[in-house]
Amino acid sequence: MTNSSNKYILLVITAALISACSVTKKYERPTTLKTDQLYRDQSTTDSTTIADMPWNTVFKDEKLNALIQKGLEQNLNLKNAIENIVQARASLRQSKLAYYPSLQLDANVTHNKQSQAGLNFPAGININTLTTTYKLGVSSSWEIDVWGKLSSSKRAALATYLASDAAKQAVQTQLIADIANNYFLLLSYDESLRITEETLKTRIENVETIKALKEGAIVTGAAVVQSEANQHAAEVLIPDLKQSIRETENALNILLGQGPGPIDRGVLGTQIIPEKIAIGMPAQLLNNRPDVRQAEFNFRVAFESTNLAKTYFYPSLTLTASTGFSNLELNDFFSHSIFYSIIGGLTQPLFNNGLNKMRLTTAQSQQLQAYNNFQQSLLVAGQEVSNALYAYQMAVEKEDSRAKQIAALEKAVDFTQELLEYSSATNYTDVLTSQQNLLAAQLSGVNDNLQKLQAVINLYRALGGGWK
C-alpha cells in the first residue's frame with residue numbers, strides 16, 4: 001500500500017470517528033412511559049413490596065415448597081426457556097467475535113497442463129507442458145467498526161440475551177403461581193369433600209330420625225321422602241368433588257414434569273399467608289416484573305436495529321491481508337517463495353433499489369411497535385396487581401360475615417330439628433331449608449378462603465415476585 005493510500009484511509013477513519021456519534025444513538029429508557037396510576041385507587045410512596053420476598057418465605061407449607069422446588073427442577077416449559085437462554089448466549093458470544101479479524105488457512109497443490117502445439121515445432125509434433133504449483137497461505141479480513149454497525153449488533157444481541165433471561169424468569173414466576181394456585185385449589189376440594197361427607201353422615205342419621213318420627217305420627221311420609229332426597233343431594237356432590245381432586249392432581253403433575261399420580265399435601269385450614277401485603281410503587285414493576293423487563297429488552301433490540309439500519313447509508317471500511325509461500329518446487333518450498341498483500345477498501349452502495357430506505361423505515365416502525373408493547377405490558381401488569389389486590393380485600397371483607405352466617409345456620413339447624421322432634425311448632429321443610437343453607441354456606445366459606453389464598457399468590461406474581 002502506498003503512503004497516499006495510507007493517508008487516505010487514515011483520513012476516512014478520523015472523519016468517521018468524529019461523525020460516528022451522530023449515526024447511532026445510545027439507548028435510554030423512554031421518558032414517555034406511563035407509570036403513574038397503574039394501581040387503581042392506590043397511592044403510596046412506600047417502596048416495600050412482597051415481590052422482594054423469596055418464594056419459600058411467602059409460602060409456609062413445606063409440602064407446597066417441596067412441590068415448587070420439584071417444579072423448578074423438572075418443568076419442561078422452564079427447561080425450554082433455559083435452552084432459549086443458551087441459544088441467545090451463543091449469538092451474543094458470536095457478536096463479540098465480530099470485532100476481531102477473520103483468519104483463514106489455505107493450502108493447495110495446482111497442476112496446470114498447457115499445450116504448445118504449433119509453437120516453433122515441426123509439423124505434427126505437440127509438446128504438453130505440465131506445471132505444478134505448491135501454495136501455503138494465510139489470509140485475514142477485518143471490518144473496522146467506523147459507524148457503530150458492529151457495536152449496534154452486539155448491543156442488540158446482548159438485549160436479546162437479556163430478554164431471553166427475563167422470559168425464563170417470567171416462566172418461573174408463572175410456574176410458581178400455577179403450582180401454588182393448583183395446590184390450594186386441591187386443598188379446597190379436600191375440605192369441600194370433608195364437609196360434604198360429614199354432612200352426608202348427618203343426613204343419613206336424619207333419615208332414620210324422620211322415619212322414627214313418622215312412626216310416632218309426628219311427621220308424615222312426605223317428610224321421610226324429603227329427608228331421603230336431601231341425603232341424595234349430598235351424595236351426588238361427592239363424585240364431582242372426587243373427579244375435581246383427581247384432575248387437579250394430574251394438572252399439578254404436569255407442572256412438575258411427571259406422570260399422573262397422587263400429590264402429598266397438607267390441609268386448607270393450616271395455611272399461613274404474609275401478615276402484611278405491601279405492593280410498593282407502580283414504577284417498581286419496571287425492574288420487578290420479568291415480562292415487563294422482557295418487553296423493554298425487546299424494545300432495546302428494535303432500538304439497536306434502527307441504529308444498525310442507519311449505518312448502511314455509510315461506507316464500510318475493510319482491511320484484508322494475506323501472506324504465505326508459493327513455489328514450483330516442493331524441495332525448496334520455503335526458499336525465495338514468500339508472498340504478501342495488504343488491501344484497504346471502502347464500499348459505498350450508490351444504488352441498491354431503495355433497500356437502505358426500506359430497511360430503516362421498517363426498523364423504525366418495528367421500534368414503535370416494540371415501544372407500544374412495552375407500554376402495554378406495564379398497563380397489563382398494573383391491571384393484574386389491581387385485580388389481585390381487590391380480590392384479596394374482598395375475601396378479607398367476607399371473612400367475618402361468612403363466619404357469622406355459618407354460626408347462625410348451625411344454630412338454625414339445631415333449633416329446627418329440636419322443634420321438629422319435641423313439638424309441632426315447625427315442619428320438616430324448615431329443617432330441610434336450614435340444612436341446605438348450611439351446606440351451601442360452608443362450601444362458600446371454603447371458596448372464600450381459596451379466593452384469599454389465590455389472591456395473595458396472584459398479587460405476588462403480578463408484582464414480579466418469585467424469580468429473585
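A residue is called buried under 20% relative accessible area, exposed over 50%, and partly exposed in between, with a 1.4 Å probe and protein chains only. This is a predicted model, in which local features need pLDDT of at least 70 and side-chain atom pairs count only at pLDDT 80 or more, while totals for chains, interfaces and linings use all residues. Residues are numbered from 1 along each chain as its sequence is written, and side-chain values use heavy atoms, with hydrogens and water left out.

**The whole protein**

The protein has eleven helices and four strands. Here helices (H or I, at least four residues) and strands (E, at least two) are DSSP runs, numbered from the N terminus. Of the 468 residues in the protein, 39% are buried. Contact means heavy atoms within 4.5 Å. Among contacts between residues at least 6 apart in sequence, 83% join residues at least 24 apart.

**The loop between helix 1 and helix 2**

Next, select the loop between helix 1 (3-19) and helix 2 (55-58), where Gln37 is placed. Is Gln37 buried or exposed? Gln37 counts as exposed, because its relative accessibility is 77%. Its phi is near 60°, a positive value in a residue other than glycine. Asp41 lies in the loop between helix 1 and helix 2 as well. Asp41 has a positive phi of about 60° although it is not a glycine, and at 70% relative accessibility it counts as exposed. For background, most residues other than glycine have a negative phi.

**Helix 6 against helix 11**

Now colour helix 6 (residues 221-235) and helix 11 (residues 428-462), which pack at an angle of about 10° with their axes 10 Å apart. Axes are lines fitted to C-alpha atoms, for helices over the stretch in contact, and angles run from 0 to 180 degrees between N-to-C directions. Helix 6 is therefore roughly parallel to helix 11. The cut-offs are these: angles under 35 degrees count as roughly parallel, over 145 as roughly antiparallel, 65 to 115 as roughly perpendicular, and the rest as oblique.

Show the side chains where the two helices meet. Helix 6 contributes Ala223, Gln226, Ser227 and Asn230, and helix 11 contributes Tyr428, Thr429, Leu432, Gln435 and Gln436. By class, this contact has three nonpolar, six polar and no charged residues. In this scheme Ala, Val, Leu, Ile, Met, Phe, Trp, Tyr, Cys and Pro count as nonpolar, Asp, Glu, Lys and Arg as charged, and the others, Gly among them, as polar.

Stay on helix 11 and centre the view on Gln435. Gln435 counts as buried because its relative accessibility is 6%. Which residues is Gln435 in contact with, leaving aside neighbours within four places in sequence? They are Arg203, Asn206, Asn230, Val413, Gln417 and Tyr428.

**Two pairs to compare**

Move along helix 11 to Ser444, which is partly exposed with a relative accessible area of 25%. Then select Gln393 in helix 10, a partly exposed residue with a relative accessible area of 31%. Gln393 and Lys452 are 59 residues apart in sequence and 8.1 Å apart in space, C-alpha to C-alpha.

**The largest pocket**

On a 1 Å grid over the protein atoms alone, a pocket is an open set of points, where a 1.4 Å probe fits, with protein on both sides within 12 Å along at least five of seven lines; lining residues have an atom within 4 Å of a point. Grid points are joined across faces, edges and corners, and a volume is the space filled by probe spheres set on the points.

The largest pocket holds about 250 Å³ of space. Of its 14 lining residues, select Thr199, Thr202, Val413, Leu438 and Gln442, the closest to its centre. Helix 5 (149-215), helix 10 (355-422) and helix 11 each give two or more residues to the lining, and the largest share, six residues, comes from helix 5. The lining has four nonpolar, five polar and five charged residues.

**The second largest pocket**

Finish at the second largest pocket, with about 160 Å³ of space. Select its lining: Lys26, Glu28, Pro30, Phe299, Phe303, Gln367, Leu368 and Tyr371. Helix 10 gives the most to this lining, with three residues. The lining divides into five nonpolar, one polar and two charged residues.
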